[in-house]
Amino acid sequence: MTIILGIDPGSRITGYGIIREEKGKFQYIDSGCIRTSLESLSHRLMDIFNGICELLDLHSPDEVAIEQVFMHQNPSSALKLGHARGVAMVAVASHRIPLYEYSAREVKQSVVGYGAAEKAQVNHMVVNLLQLNKAPQVDAADALGIAICHSHTRRGLLALSQTTKRGRR
């Protein structure tokens with residue numbers, strides 16, 4: 001059994017999603033958004049750091065997955081997103097939990113089967129895979145998708161390593 005925290009970083013809203021994966025089956029644990037104050041960037045970054053630390057303390061995930069920064073048309077937005085992502089990564093590192101990074105394309109490919117899928121398609125698949133009664137908030141659904149992507153990737157890597165070990169005998 002592995003508990004995975006997925007993080008969709010943002011300087012105003014950071015989505016999170018927590019799942020339990022056991023033998024290829026998913027169980028929804030929690031999801032939501034860390035909404036930052038309207039104060040200075042430094043205060044918003046502290047809100048993100050504290051929010052992630054609270055989640056780590058409360059749920060004790062085994063692994064964390066975070067979305068990589070993609071290029072924005074607005075350099076200022078990209079920098080703020082990078083800061084938010086960095087603060088989330090430091091929060092995870094401070095708890096000594098393994099952290100994995102995935103591009104938006106990798107998440108879409110893993111969850112939907114198509115790397116250029118729309119957000120609505122990812123949201124729909126998250127609801128189906130986790131057997132939720134209703135769709136979570138958009139940022140939370142993205143974070144759950146990141147956690148699912150990580151679970152798929154780690155299961156594939158575990159299977160590959162077992163095959164390689166068998167081949168060496």
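Student: Where does Lys-23 lie?

Tutor: Lys-23 sits in the loop between strand 2 (13–22) and strand 3 (25–35). Helices (H or I, at least four residues) and strands (E, at least two) are DSSP runs, numbered from the N terminus. This is a predicted model, in which local features need pLDDT of at least 70, side-chain atom pairs count only at pLDDT 80 or more, and totals for chains, interfaces and linings use all residues. Residues are numbered from 1 along each chain as its sequence is written, and side-chain values use heavy atoms, with hydrogens and water left out.

Student: Why is Lys-23 called exposed?

Tutor: Exposed means over 50% relative accessible area, buried under 20%, and partly exposed in between (1.4 Å probe, protein chains only). Lys-23 has a relative accessible area of 80%, so Lys-23 is exposed.

Student: And what makes Ser-60 partly exposed?

Tutor: The relative accessible area of Ser-60 is 47%, so Ser-60 counts as partly exposed. Ser-60 lies in the loop between helix 1 (41–59) and strand 4 (63–67).

Student: Which residues make the contact?

Tutor: Contact means heavy atoms within 4.5 Å. Helix 3 contributes Lys-108, Val-111 and Val-112, while helix 4 contributes Gln-121, Val-122, Met-125, Val-126 and Leu-129. The contact residues divide into 6 nonpolar, 1 polar and 1 charged (Ala, Val, Leu, Ile, Met, Phe, Trp, Tyr, Cys and Pro count as nonpolar, Asp, Glu, Lys and Arg as charged, and the others, Gly among them, as polar).

Student: How many helices and strands does the protein have?

Tutor: There are 5 helices and 5 strands, and along the sequence they follow the pattern β-β-β-α-β-α-β-α-α-α.

Student: How do you know that the protein is as compact as a globular protein of that length?

Tutor: The radius of gyration is taken over C-alpha atoms, and the globule rule is 2.2 Å times the number of residues to the power 0.38. The protein's value is 16 Å, close to the 15 Å that the rule gives for 169 residues, so the protein is as compact as a globular protein of that length.
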